[in-house]
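Have it open on your screen while you go through the points.

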Amino acid sequence: MRNSYNKSGTGLGKGWIVILLVFMAAIVILGWKAFSHEAPVIKFTTTVKGIGKQTTVAFTVQDNEYALKNISVHIQQGDRHFTVPSSSEIRNAPSPPWWKLWAKRTPSIGDFKAQIGHQSIPDLKEGRATLEIVATNNSWGRFFRGGRGEIKLSLPVRFHPPEVAVLTPQVYVNQGGCDLVLFKVSPGTTESGIQVGTHFFRSWPVKKSLPDTRMCLFAYPYNIDPKTPAQIVARDDAGNQTVSNFNYKVFPQKFRDGKINLSDSFMQRVVPPIMSHNPDMQDQGSLLKNYLMINQRLRLIESQLLVAYSQKTAPEFLWTQVFLRYPNSKVEAHFADYRTYLYHGKVVDHETHLGYDLASTAHAPVPAANNGVVVFAKFFGIYGNAVLIDHGCGLQTLYGHMSSLAVKAGEHVTRGQIIGHSGETGLAGGDHLHFSVLVDGVFVDPLEWWDPHWIHDRITAKLAPYR
Ligand SMILES: [Zn+2]
(Lines give C-alpha, C1' and ligand atoms only; values in the text may rest on other atoms or scores of the structure.)
Protein backbone atom coordinates (compact mmCIF):
# COMPACT_ATOMS: atom_id res chain seq x y z
CA MET A 1 0.00 0.00 0.00
CA ARG A 2 2.65 2.42 1.07
CA ASN A 3 4.82 1.51 -1.91
CA SER A 4 2.01 1.82 -4.41
CA TYR A 5 0.96 5.20 -2.86
CA ASN A 6 4.55 6.38 -3.26
CA LYS A 7 4.61 5.10 -6.83
CA SER A 8 1.43 6.87 -7.83
CA GLY A 9 2.59 10.00 -5.98
CA THR A 10 5.83 10.08 -7.98
CA GLY A 11 3.80 9.59 -11.21
CA LEU A 12 1.53 12.49 -10.34
CA GLY A 13 4.62 14.65 -9.56
CA LYS A 14 6.19 13.97 -13.01
CA GLY A 15 2.88 14.80 -14.69
CA TRP A 16 2.72 18.11 -12.84
CA ILE A 17 6.26 18.99 -13.90
CA VAL A 18 5.35 18.41 -17.58
CA ILE A 19 2.19 20.52 -17.20
CA LEU A 20 4.19 23.21 -15.43
CA LEU A 21 6.84 23.22 -18.17
CA VAL A 22 4.20 23.48 -20.91
CA PHE A 23 2.51 26.27 -18.95
CA MET A 24 5.79 28.14 -18.52
CA ALA A 25 6.63 27.71 -22.20
CA ALA A 26 3.21 29.12 -23.10
CA ILE A 27 3.85 32.10 -20.80
CA VAL A 28 7.22 32.68 -22.46
CA ILE A 29 5.69 32.47 -25.96
CA LEU A 30 2.78 34.71 -24.96
CA GLY A 31 5.12 37.17 -23.28
CA TRP A 32 7.46 37.12 -26.27
CA LYS A 33 4.51 37.73 -28.57
CA ALA A 34 2.95 40.38 -26.33
CA PHE A 35 6.17 42.38 -26.11
CA SER A 36 7.01 41.87 -29.79
CA HIS A 37 8.06 45.00 -31.61
CA GLU A 38 7.46 43.56 -35.07
CA ALA A 39 5.90 46.44 -37.01
CA PRO A 40 4.58 46.80 -40.55
CA VAL A 41 7.00 48.55 -42.95
CA ILE A 42 5.60 51.49 -44.96
CA LYS A 43 7.15 52.37 -48.36
CA PHE A 44 6.07 55.19 -50.68
CA THR A 45 5.39 54.23 -54.30
CA THR A 46 4.97 57.89 -55.34
CA THR A 47 7.39 60.67 -54.48
CA VAL A 48 5.66 63.03 -52.09
CA LYS A 49 7.40 66.39 -51.76
CA GLY A 50 4.39 68.56 -51.14
CA ILE A 51 0.60 68.76 -51.07
CA GLY A 52 -1.16 70.50 -53.95
CA LYS A 53 -4.69 70.79 -55.24
CA GLN A 54 -4.80 67.06 -55.70
CA THR A 55 -1.61 65.20 -54.91
CA THR A 56 -1.48 61.45 -55.34
CA VAL A 57 -0.10 59.70 -52.29
CA ALA A 58 0.51 56.01 -52.76
CA PHE A 59 2.42 53.55 -50.61
CA THR A 60 2.61 49.89 -49.73
CA VAL A 61 2.69 48.33 -46.30
CA GLN A 62 4.41 45.02 -45.74
CA ASP A 63 4.42 42.78 -42.71
CA ASN A 64 6.49 39.61 -42.84
CA GLU A 65 5.27 38.18 -39.49
CA TYR A 66 1.68 39.22 -38.85
CA ALA A 67 -1.56 40.11 -40.55
CA LEU A 68 -2.21 43.80 -41.17
CA LYS A 69 -4.98 45.26 -39.05
CA ASN A 70 -5.35 48.88 -40.04
CA ILE A 71 -3.86 51.58 -42.30
CA SER A 72 -4.78 55.19 -41.64
CA VAL A 73 -3.64 58.50 -43.08
CA HIS A 74 -4.03 61.84 -41.35
CA ILE A 75 -3.06 65.40 -42.01
CA GLN A 76 -2.19 67.67 -39.14
CA GLN A 77 -2.16 71.41 -39.72
CA GLY A 78 -1.73 73.54 -36.59
CA ASP A 79 -4.31 72.18 -34.17
CA ARG A 80 -6.56 70.88 -36.92
CA HIS A 81 -6.66 67.22 -37.79
CA PHE A 82 -8.00 65.68 -41.01
CA THR A 83 -8.51 62.02 -41.78
CA VAL A 84 -7.76 61.26 -45.40
CA PRO A 85 -10.52 59.29 -47.11
CA SER A 86 -8.85 56.53 -49.04
CA SER A 87 -9.08 53.13 -50.50
CA SER A 88 -6.63 50.68 -49.05
CA GLU A 89 -6.47 47.08 -50.01
CA ILE A 90 -5.04 44.58 -47.54
CA ARG A 91 -4.00 41.14 -48.66
CA ASN A 92 -3.30 39.14 -45.51
CA ALA A 93 -1.59 35.81 -45.78
CA PRO A 94 -3.21 32.97 -43.75
CA SER A 95 -1.74 32.90 -40.22
CA PRO A 96 -0.12 29.77 -38.80
CA PRO A 97 -1.30 28.65 -35.29
CA TRP A 98 -0.15 31.03 -32.54
CA TRP A 99 2.19 28.54 -30.91
CA LYS A 100 3.93 27.60 -34.16
CA LEU A 101 6.84 29.96 -33.69
CA TRP A 102 8.97 28.34 -36.38
CA ALA A 103 6.31 28.62 -39.10
CA LYS A 104 7.43 30.78 -41.99
CA ARG A 105 4.57 32.84 -43.37
CA THR A 106 4.16 34.78 -46.58
CA PRO A 107 4.20 38.55 -46.06
CA SER A 108 0.97 40.48 -45.69
CA ILE A 109 0.74 43.37 -48.11
CA GLY A 110 -1.36 46.53 -48.05
CA ASP A 111 -1.70 48.95 -50.96
CA PHE A 112 -2.82 52.47 -50.31
CA LYS A 113 -3.71 55.23 -52.73
CA ALA A 114 -5.36 58.58 -52.07
CA GLN A 115 -5.71 62.03 -53.53
CA ILE A 116 -4.69 64.53 -50.91
CA GLY A 117 -5.23 68.24 -51.31
CA HIS A 118 -7.65 71.09 -51.59
CA GLN A 119 -10.25 69.02 -53.44
CA SER A 120 -10.54 66.21 -50.89
CA ILE A 121 -9.88 68.41 -47.82
CA PRO A 122 -11.39 71.86 -48.53
CA ASP A 123 -10.37 73.19 -45.08
CA LEU A 124 -6.68 72.59 -45.75
CA LYS A 125 -4.75 75.87 -46.03
CA GLU A 126 -1.59 76.85 -47.89
CA GLY A 127 1.55 76.74 -45.75
CA ARG A 128 2.84 73.57 -44.15
CA ALA A 129 1.19 70.39 -42.91
CA THR A 130 2.25 67.05 -41.48
CA LEU A 131 1.27 63.90 -43.30
CA GLU A 132 0.99 61.01 -40.86
CA ILE A 133 0.68 57.40 -41.95
CA VAL A 134 0.06 54.66 -39.39
CA ALA A 135 -0.17 50.94 -40.06
CA THR A 136 -0.84 48.30 -37.40
CA ASN A 137 -0.69 44.52 -37.39
CA ASN A 138 -2.53 41.86 -35.33
CA SER A 139 0.46 40.91 -33.17
CA TRP A 140 0.05 40.96 -29.40
CA GLY A 141 2.79 43.54 -29.23
CA ARG A 142 2.38 46.79 -27.31
CA PHE A 143 0.03 44.89 -24.91
CA PHE A 144 -2.32 43.58 -27.60
CA ARG A 145 -2.65 46.86 -29.52
CA GLY A 146 -0.55 45.42 -32.39
CA GLY A 147 2.80 46.37 -33.89
CA ARG A 148 2.78 49.89 -35.25
CA GLY A 149 4.63 51.34 -38.27
CA GLU A 150 4.57 55.08 -38.74
CA ILE A 151 5.79 57.77 -41.14
CA LYS A 152 5.52 61.49 -40.43
CA LEU A 153 6.37 64.02 -43.14
CA SER A 154 6.33 67.78 -42.85
CA LEU A 155 5.31 69.07 -46.30
CA PRO A 156 4.64 72.39 -48.02
CA VAL A 157 0.99 72.92 -49.02
CA ARG A 158 0.54 74.87 -52.27
CA PHE A 159 -2.64 75.25 -54.28
CA HIS A 160 -1.41 77.82 -56.79
CA PRO A 161 0.69 76.55 -59.70
CA PRO A 162 4.09 78.19 -60.30
CA GLU A 163 4.14 81.58 -62.00
CA VAL A 164 6.29 82.06 -65.08
CA ALA A 165 7.39 85.47 -66.41
CA VAL A 166 9.11 85.30 -69.81
CA LEU A 167 12.14 87.60 -70.06
CA THR A 168 13.10 86.95 -73.70
CA PRO A 169 10.63 88.92 -75.86
CA GLN A 170 11.13 87.05 -79.14
CA VAL A 171 12.83 83.81 -80.12
CA TYR A 172 13.81 82.69 -83.61
CA VAL A 173 14.71 79.07 -83.98
CA ASN A 174 15.76 77.01 -86.98
CA GLN A 175 14.40 73.53 -87.36
CA GLY A 176 17.34 71.41 -86.18
CA GLY A 177 18.74 74.44 -84.34
CA CYS A 178 18.69 76.02 -80.87
CA ASP A 179 17.89 79.16 -78.98
CA LEU A 180 18.10 80.43 -75.43
CA VAL A 181 15.03 81.57 -73.47
CA LEU A 182 15.19 83.38 -70.14
CA PHE A 183 12.28 83.36 -67.70
CA LYS A 184 11.55 83.83 -64.04
CA VAL A 185 9.68 81.31 -61.89
CA SER A 186 7.98 81.80 -58.53
CA PRO A 187 9.62 80.35 -55.40
CA GLY A 188 8.84 76.68 -54.77
CA THR A 189 9.29 75.74 -58.44
CA THR A 190 11.34 72.58 -58.51
CA GLU A 191 11.45 71.84 -62.23
CA SER A 192 11.14 74.06 -65.28
CA GLY A 193 12.11 73.97 -68.91
CA ILE A 194 10.83 73.93 -72.46
CA GLN A 195 8.78 71.09 -73.87
CA VAL A 196 8.94 70.54 -77.64
CA GLY A 197 6.97 67.48 -78.67
CA THR A 198 8.26 64.61 -76.55
CA HIS A 199 11.51 66.42 -75.70
CA PHE A 200 11.95 68.30 -72.43
CA PHE A 201 14.86 70.72 -72.17
CA ARG A 202 15.78 71.57 -68.60
CA SER A 203 16.33 75.15 -67.47
CA TRP A 204 19.23 76.30 -65.29
CA PRO A 205 19.73 79.30 -62.99
CA VAL A 206 21.30 82.24 -64.92
CA LYS A 207 23.64 82.46 -61.94
CA LYS A 208 23.91 80.78 -58.55
CA SER A 209 22.65 83.82 -56.64
CA LEU A 210 19.46 84.00 -58.78
CA PRO A 211 17.94 80.51 -58.57
CA ASP A 212 14.52 81.66 -59.80
CA THR A 213 15.83 83.45 -62.91
CA ARG A 214 16.24 80.63 -65.39
CA MET A 215 17.87 80.11 -68.76
CA CYS A 216 16.78 77.33 -71.02
CA LEU A 217 18.80 76.23 -74.02
CA PHE A 218 16.31 74.34 -76.14
CA ALA A 219 16.48 72.63 -79.50
CA TYR A 220 13.82 72.44 -82.13
CA PRO A 221 14.56 68.89 -83.31
CA TYR A 222 15.25 68.42 -87.06
CA ASN A 223 12.75 65.54 -87.30
CA ILE A 224 9.56 67.07 -85.86
CA ASP A 225 6.75 68.90 -87.61
CA PRO A 226 7.53 72.68 -87.51
CA LYS A 227 3.98 73.21 -86.19
CA THR A 228 4.79 71.28 -82.98
CA PRO A 229 4.35 73.75 -80.09
CA ALA A 230 7.24 74.77 -77.86
CA GLN A 231 6.08 75.76 -74.37
CA ILE A 232 7.58 76.59 -71.01
CA VAL A 233 6.58 74.07 -68.35
CA ALA A 234 7.08 74.71 -64.63
CA ARG A 235 6.27 72.31 -61.79
CA ASP A 236 6.42 72.76 -58.03
CA ASP A 237 7.08 70.36 -55.16
CA ALA A 238 3.32 69.87 -54.66
CA GLY A 239 2.82 68.59 -58.20
CA ASN A 240 1.17 71.76 -59.54
CA GLN A 241 2.08 72.56 -63.14
CA THR A 242 2.00 75.67 -65.32
CA VAL A 243 2.31 75.65 -69.09
CA SER A 244 3.32 79.03 -70.48
CA ASN A 245 3.63 80.30 -74.03
CA PHE A 246 6.48 82.42 -75.31
CA ASN A 247 6.92 84.25 -78.61
CA TYR A 248 8.88 82.21 -81.06
CA LYS A 249 9.11 81.59 -84.75
CA VAL A 250 10.35 78.35 -86.29
CA PHE A 251 12.20 78.46 -89.61
CA PRO A 252 11.62 75.13 -91.35
CA GLN A 253 14.77 73.76 -92.99
CA LYS A 254 15.29 71.74 -96.11
CA PHE A 255 17.90 69.08 -95.43
CA ARG A 256 20.11 67.38 -98.02
CA ASP A 257 19.87 63.90 -99.48
CA GLY A 258 22.91 61.67 -99.77
CA LYS A 259 23.82 58.28 -101.20
CA ILE A 260 26.22 55.73 -99.79
CA ASN A 261 27.30 52.75 -101.86
CA LEU A 262 28.19 49.87 -99.57
CA SER A 263 31.08 47.80 -100.90
CA ASP A 264 32.18 44.45 -99.50
CA SER A 265 35.70 45.75 -98.89
CA PHE A 266 34.33 48.70 -96.85
CA MET A 267 32.07 46.45 -94.76
CA GLN A 268 34.90 43.92 -94.28
CA ARG A 269 37.01 46.70 -92.76
CA VAL A 270 34.40 48.35 -90.49
CA VAL A 271 32.09 45.52 -89.31
CA PRO A 272 34.47 43.13 -87.43
CA PRO A 273 36.00 45.76 -85.05
CA ILE A 274 32.52 47.01 -84.05
CA MET A 275 31.23 43.43 -83.59
CA SER A 276 34.24 42.54 -81.41
CA HIS A 277 33.58 45.59 -79.18
CA ASN A 278 29.94 44.52 -78.77
CA PRO A 279 30.12 40.80 -77.92
CA ASP A 280 26.37 40.63 -77.18
CA MET A 281 25.56 41.46 -80.82
CA GLN A 282 24.57 38.27 -82.61
CA ASP A 283 26.10 37.38 -85.96
CA GLN A 284 23.28 37.87 -88.49
CA GLY A 285 24.81 35.43 -90.97
CA SER A 286 26.10 37.83 -93.60
CA LEU A 287 28.37 40.86 -93.78
CA LEU A 288 25.55 43.05 -95.11
CA LYS A 289 23.11 41.91 -92.40
CA ASN A 290 25.72 42.60 -89.72
CA TYR A 291 26.39 46.02 -91.23
CA LEU A 292 22.67 46.84 -91.24
CA MET A 293 22.29 45.69 -87.64
CA ILE A 294 25.09 48.10 -86.65
CA ASN A 295 23.76 50.93 -88.80
CA GLN A 296 20.21 50.60 -87.46
CA ARG A 297 20.18 49.00 -84.02
CA LEU A 298 23.55 50.12 -82.64
CA ARG A 299 22.99 53.66 -84.02
CA LEU A 300 19.67 53.80 -82.13
CA ILE A 301 21.14 52.35 -78.90
CA GLU A 302 23.97 54.90 -79.04
CA SER A 303 21.57 57.81 -79.58
CA GLN A 304 19.70 56.62 -76.45
CA LEU A 305 22.99 56.36 -74.54
CA LEU A 306 23.79 59.95 -75.53
CA VAL A 307 20.49 61.04 -73.95
CA ALA A 308 21.59 59.28 -70.75
CA TYR A 309 25.07 60.88 -70.95
CA SER A 310 23.42 64.32 -71.22
CA GLN A 311 22.57 63.97 -67.52
CA LYS A 312 26.30 64.29 -66.80
CA THR A 313 26.33 68.02 -67.28
CA ALA A 314 27.56 71.03 -65.31
CA PRO A 315 24.83 73.38 -63.94
CA GLU A 316 26.45 76.36 -65.73
CA PHE A 317 28.07 77.12 -69.11
CA LEU A 318 31.75 76.19 -68.95
CA TRP A 319 32.59 78.25 -72.06
CA THR A 320 32.48 81.87 -73.21
CA GLN A 321 33.82 81.98 -76.79
CA VAL A 322 32.44 80.75 -80.09
CA PHE A 323 32.91 77.01 -80.80
CA LEU A 324 36.05 76.08 -82.72
CA ARG A 325 35.72 74.35 -86.07
CA TYR A 326 38.13 71.53 -87.01
CA PRO A 327 40.84 73.56 -88.80
CA ASN A 328 41.78 73.30 -92.50
CA SER A 329 38.99 70.86 -93.19
CA LYS A 330 36.61 70.22 -96.03
CA VAL A 331 32.92 69.43 -95.42
CA GLU A 332 32.07 65.91 -96.59
CA ALA A 333 28.62 65.61 -95.03
CA HIS A 334 26.20 68.07 -93.39
CA PHE A 335 23.83 67.92 -90.46
CA ALA A 336 20.62 65.93 -91.03
CA ASP A 337 21.64 64.61 -94.46
CA TYR A 338 19.10 61.94 -95.33
CA ARG A 339 21.20 59.03 -96.53
CA THR A 340 20.15 56.19 -98.77
CA TYR A 341 22.37 53.12 -98.50
CA LEU A 342 22.82 51.03 -101.65
CA TYR A 343 24.32 47.57 -102.06
CA HIS A 344 24.89 46.40 -105.65
CA GLY A 345 22.53 49.18 -106.77
CA LYS A 346 19.74 48.06 -104.40
CA VAL A 347 18.41 50.29 -101.59
CA VAL A 348 19.13 48.50 -98.29
CA ASP A 349 18.81 51.25 -95.65
CA HIS A 350 17.98 54.89 -94.84
CA GLU A 351 19.56 56.82 -91.95
CA THR A 352 19.98 60.47 -91.02
CA HIS A 353 23.51 61.81 -90.53
CA LEU A 354 23.45 63.87 -87.35
CA GLY A 355 26.64 65.89 -87.51
CA TYR A 356 29.31 67.28 -89.81
CA ASP A 357 31.91 65.14 -91.54
CA LEU A 358 35.09 67.19 -91.81
CA ALA A 359 38.18 65.93 -93.63
CA SER A 360 41.68 67.29 -93.14
CA THR A 361 44.97 65.42 -93.58
CA ALA A 362 45.16 61.85 -92.25
CA HIS A 363 45.73 61.61 -88.48
CA ALA A 364 45.41 65.38 -88.06
CA PRO A 365 45.22 66.70 -84.48
CA VAL A 366 41.63 67.27 -83.30
CA PRO A 367 41.04 70.25 -81.00
CA ALA A 368 38.29 70.51 -78.35
CA ALA A 369 35.67 72.91 -79.75
CA ASN A 370 35.37 74.67 -76.41
CA ASN A 371 36.11 74.53 -72.69
CA GLY A 372 34.45 71.63 -70.93
CA VAL A 373 34.77 68.31 -69.15
CA VAL A 374 35.32 64.98 -70.94
CA VAL A 375 32.28 62.74 -70.36
CA PHE A 376 33.86 59.80 -72.16
CA ALA A 377 36.83 58.99 -74.37
CA LYS A 378 36.43 55.43 -75.66
CA PHE A 379 35.36 53.18 -78.51
CA PHE A 380 31.72 54.10 -79.11
CA GLY A 381 30.27 51.81 -81.80
CA ILE A 382 29.40 53.55 -85.06
CA TYR A 383 31.50 56.56 -83.98
CA GLY A 384 34.62 54.42 -83.42
CA ASN A 385 37.11 55.99 -81.03
CA ALA A 386 35.11 58.94 -79.77
CA VAL A 387 35.19 61.77 -77.25
CA LEU A 388 32.13 63.42 -75.67
CA ILE A 389 32.74 66.79 -74.02
CA ASP A 390 30.26 68.49 -71.69
CA HIS A 391 30.06 72.30 -71.95
CA GLY A 392 27.38 72.72 -69.27
CA CYS A 393 23.58 73.10 -69.15
CA GLY A 394 23.04 70.03 -71.35
CA LEU A 395 25.28 71.27 -74.19
CA GLN A 396 27.78 68.61 -75.38
CA THR A 397 30.03 67.96 -78.40
CA LEU A 398 30.91 64.57 -79.88
CA TYR A 399 34.04 63.73 -81.90
CA GLY A 400 34.10 60.46 -83.82
CA HIS A 401 36.23 58.10 -85.98
CA MET A 402 39.49 59.09 -84.30
CA SER A 403 42.70 57.05 -84.68
CA SER A 404 43.94 57.99 -81.20
CA LEU A 405 42.53 59.58 -78.05
CA ALA A 406 44.56 61.99 -75.89
CA VAL A 407 42.11 62.64 -73.04
CA LYS A 408 40.32 60.69 -70.29
CA ALA A 409 36.81 60.82 -68.79
CA GLY A 410 36.52 63.49 -66.10
CA GLU A 411 39.37 65.58 -67.52
CA HIS A 412 38.87 69.35 -67.93
CA VAL A 413 39.77 70.50 -71.43
CA THR A 414 40.26 73.98 -72.81
CA ARG A 415 39.19 75.33 -76.19
CA GLY A 416 41.73 74.22 -78.80
CA GLN A 417 43.33 71.53 -76.61
CA ILE A 418 44.23 68.46 -78.68
CA ILE A 419 41.94 65.60 -77.63
CA GLY A 420 43.18 63.05 -80.20
CA HIS A 421 43.87 62.51 -83.89
CA SER A 422 41.51 61.95 -86.81
CA GLY A 423 41.08 58.49 -88.26
CA GLU A 424 38.62 56.04 -89.79
CA THR A 425 37.44 53.94 -86.81
CA GLY A 426 33.74 53.05 -86.54
CA LEU A 427 31.50 53.48 -89.60
CA ALA A 428 33.91 55.71 -91.55
CA GLY A 429 34.66 55.45 -95.24
CA GLY A 430 37.98 57.32 -94.89
CA ASP A 431 40.01 59.50 -92.51
CA HIS A 432 37.78 62.33 -91.26
CA LEU A 433 36.30 63.82 -88.10
CA HIS A 434 32.63 63.36 -87.33
CA PHE A 435 31.52 66.33 -85.22
CA SER A 436 28.13 66.52 -83.48
CA VAL A 437 26.56 69.04 -81.11
CA LEU A 438 23.89 67.83 -78.68
CA VAL A 439 21.49 69.63 -76.34
CA ASP A 440 20.05 67.35 -73.64
CA GLY A 441 20.95 64.44 -75.91
CA VAL A 442 19.17 65.90 -78.98
CA PHE A 443 21.41 66.34 -82.04
CA VAL A 444 21.48 69.93 -83.34
CA ASP A 445 23.11 71.71 -86.26
CA PRO A 446 26.75 72.54 -85.32
CA LEU A 447 26.75 75.44 -87.81
CA GLU A 448 25.09 77.79 -85.29
CA TRP A 449 27.74 77.08 -82.65
CA TRP A 450 30.56 77.96 -85.08
CA ASP A 451 28.96 81.33 -85.92
CA PRO A 452 30.23 84.23 -83.72
CA HIS A 453 27.21 86.43 -84.60
CA TRP A 454 24.75 83.70 -83.67
CA ILE A 455 26.61 83.03 -80.39
CA HIS A 456 26.53 86.74 -79.56
CA ASP A 457 22.90 87.42 -80.46
CA ARG A 458 21.32 84.21 -79.20
CA ILE A 459 23.44 83.42 -76.16
CA THR A 460 25.99 85.92 -74.86
CA ALA A 461 23.95 89.12 -75.33
CA LYS A 462 20.99 87.59 -73.45
CA LEU A 463 23.20 86.54 -70.51
CA ALA A 464 25.31 89.75 -70.41
CA PRO A 465 23.04 91.53 -67.85
CA TYR A 466 23.65 88.68 -65.41
CA ARG A 467 27.40 88.33 -65.86
ZN1 LIG B 1 29.66 61.50 -89.81
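1. Start with helix H4 (residues 287-309): its 23 residues reach 31 Å from the first C-alpha to the last, close to the 33 Å expected at 1.5 Å a residue. That expected span is 1.5 Å times one less than the number of residues. Helices here are DSSP runs of H or I with at least four residues, strands are runs of E with at least two, and both are numbered from the N terminus.

2. A word on what we're looking at. This is a predicted model, where local features need pLDDT of at least 70 and side-chain atom pairs count only at pLDDT 80 or more, while totals for chains, interfaces and linings use all residues. Residues are numbered from 1 along each chain as its sequence is written.

3. Back to H4, which has a kink of about 30° centred on Leu-298. The bend at a residue is the angle between axes fitted to the seven residues ending there and the seven starting there. Leu-298 is also among the buried residues of H4, along with Asn-290, Tyr-291, Ile-294, Asn-295 and Leu-306. Buried means 20 or more other C-beta atoms within 10 Å of a residue's own; exposed means 12 or fewer, partly exposed is in between, and C-beta atoms are placed from the backbone.

4. What covers those buried residues? Helix H3 (264-277), strand E22 (346-353) and strand E31 (433-439) are included in the cover.

5. Now have a look at the open sheet of four strands, which has the order E4-E3-E7-E8 and antiparallel pairing. E4 and strand E8 (148-157) are the edge strands, each pairing on one side only. Strands count as paired if DSSP finds at least two bridges between them.

6. Within that sheet, strand E3 (residues 68-77) is joined to strand E4 (residues 80-83) by four bridges, with Gln-76 opposite His-81. The two form a hairpin with two residues between them, and Gly-78 in the turn has a positive phi of about 60°. E3 also pairs with strand E7 (residues 127-137), antiparallel again, over eight bridges; there Ser-72 stands opposite Val-134.

7. Finally, the overall picture: five helices and 32 strands. The radius of gyration, taken over C-alpha atoms, is 33 Å, well over the 23 Å that the globule rule (2.2 Å times the number of residues to the power 0.38) gives for 467 residues, so the protein is more spread out than a compact globule. Its C-alpha trace spans about 125 × 60 × 40 Å along the principal axes. Buried residues make up 36% of the 467.

Key:
Contact = placed C-beta atoms within 7 Å.
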